[in-house]
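Please examine the sequence and the model shown here. The explanation after them is meant to be read with both in view.

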Amino acid sequence: MPVLVLSQKNCYILGIESSCDDTAAAVINNGVILSNVVATQKIHEEYGGVVPELASRAHQQNIVPVVHQAIHKANIDKKQLSAIAFTSGPGLMGSLLVGTSFSKSLALGLDIPLIDVNHMQAHILAHFIKAEGQTAPNFPFLALTISGGHTQIVKVTDYFEMEVIGETIDDAVGEAFDKAGKILGLSYPGGPLIDKYAQKGNPERFKFTKPKVKPLDFSFSGLKTAVLYFVEKEVQKNPDFIAENLEDICASLQFTIIDYLMDKLKNAVKQTGIKEIAIGGGVSANSGIRRALTEAEARYGWKTHIPKFEFCTDNAAMIAIVGELKYKNKLFAENNVVAKARLKL
Ligand code: KG4
Ligand code: ZN
């Protein structure tokens, strides 16, 4: 991929995201988000996880109103759009297909270019959205992408030059939060709830062991099992153990996870010599990781970038910014482009 040259051309790009359980659309104009609409599917809460078939069906119901609202809120006419950018992968196939076929039809109907976007690249490039309280990282930087599907450390040398230097060998960190949440009887997704209870708890009350793998890799399946065995054992002694200690359990678990993520970042900084760090993905909404990264600026001399809350969890603003970067470099997709459930960076 050539180094990007960003032209100053004025453009309006519509971004569409449908890789998992959020149907989202956003309009961007020269780096500034004009609208950012997300319809989160509540239907999965009662199942304790995303049900792919239900997700696909909900995307079909949501996509037209969500896109309509995004264009309306941006205060433009759809005829002003310069291109349509959509998530082509990675994600759930049935979900990706809805956004892909909708985007293709709309681009064809409006006779404008179509741009395919890698969801994980978008989580990283969301930092280049021009928004108050958000600073764009300088190349090269390290990106820690932490979501329900991924946990990676990526070395980013240019907009589209990225190398995964560490990743999880089993569960993603978001999955660890959600599965632990399920064990504790919390509704799906457990991540935000564990974060909420953790704020009032004692992080040193219970000890969980940090899994040992290669310096830049992660493992979370053992932690989930450790939580399960610990809770089962305590509940046998006291049936009300979870209710009576929920805040301390959440705080201790969150402390272990954040400490583990920070250990890996420290290893990556040591190995690469890069001290500029950006986080992305749903788990970067977590208050613990946000605090730990902010503290790392003074403690280790890092320059850290934390995205605005609305650009952390799945959203289409991040798809729109990648669309704009590609549009300005004429990196368009053919109309026969296909969705890919597995797509590398
Ligand atoms: O990026 P995302 O919206 O979707 C995926 O691509 O996976 O990430 C969703 C994940 C879920 O596992 C959710 O529990 C987690 O992000 N999450 C959090 C928080 N907010 C969302 N985990 C911990 N603390 C939070 N505040
Ligand atoms: Zn995501």
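The paragraphs below treat a sheet, the helices upon it, a pocket and a helix pair.

This is a predicted model, in which local features need pLDDT of at least 70 and side-chain atom pairs count only at pLDDT 80 or more, while totals for chains, interfaces and linings use all residues. Residues are numbered from 1 along each chain as its sequence is written, chains are lettered from A and ligands numbered from 1 in the order in which they are written, and side-chain values use heavy atoms, with hydrogens and water left out.

Five strands form an open sheet in the order β8-β7-β6-β9-β10, and the pairing is mixed. Helices (H or I, at least four residues) and strands (E, at least two) are DSSP runs numbered from the N terminus; two strands pair if DSSP finds at least two bridges between them. Because β8 (161-167) and β10 (303-305) stand at the edges with a single partner strand each, one side of each has no neighbour in the sheet. From one strand to the next, the twist averages 25°; axes are lines fitted to C-alpha atoms, for helices over the stretch in contact, and angles run from 0 to 180 degrees between N-to-C directions. Strand β9 (residues 276-280) runs parallel to β10 and is joined to it by three bridges. Within β10, His305 is the residue opposite Ala278.

Two helices accompany this sheet. Helix α8 (residues 287-300) packs on the sheet and touches β6, β9 and β10 (contact means heavy atoms within 4.5 Å), its direction making about 155° with that of β10. Helix α7 (residues 241-272) lies across β6 (141-146), β7 (151-158), β8 and β9, and runs at about 155° to β6.

Both helices also take part in a pocket. Which helices each supply at least two residues of the lining of the second largest pocket? They are α5 (190-198), α7 and α8, and α8 gives the most, with eight residues. The space in this pocket is about 420 Å³. Of its 20 lining residues, Phe255, Ile258, Gly288, Arg291 and Ala292 are the closest to the centre. The lining comprises nine nonpolar, five polar and six charged residues.

Helix α5 also meets helix α4 (residues 173-183): their axes come within 7 Å and cross at roughly 75°. The two helices are therefore roughly perpendicular, a term for angles of 65 to 115 degrees. Phe177, Asp178, Ala180 and Gly181 in α4 meet Gly190, Gly191 and Ile194 in α5.

How values were computed
1 Å grid on protein atoms, 1.4 Å probe; cavity = no way out; pocket = protein on both sides within 12 Å on 5 of 7 lines; lining within 4 Å. Points joined across faces, edges and corners; volume = space filled by probe spheres on them. Nonpolar A, V, L, I, M, F, W, Y, C, P; charged D, E, K, R; others polar. Parallel < 35°, antiparallel > 145°, perpendicular 65-115°, else oblique.
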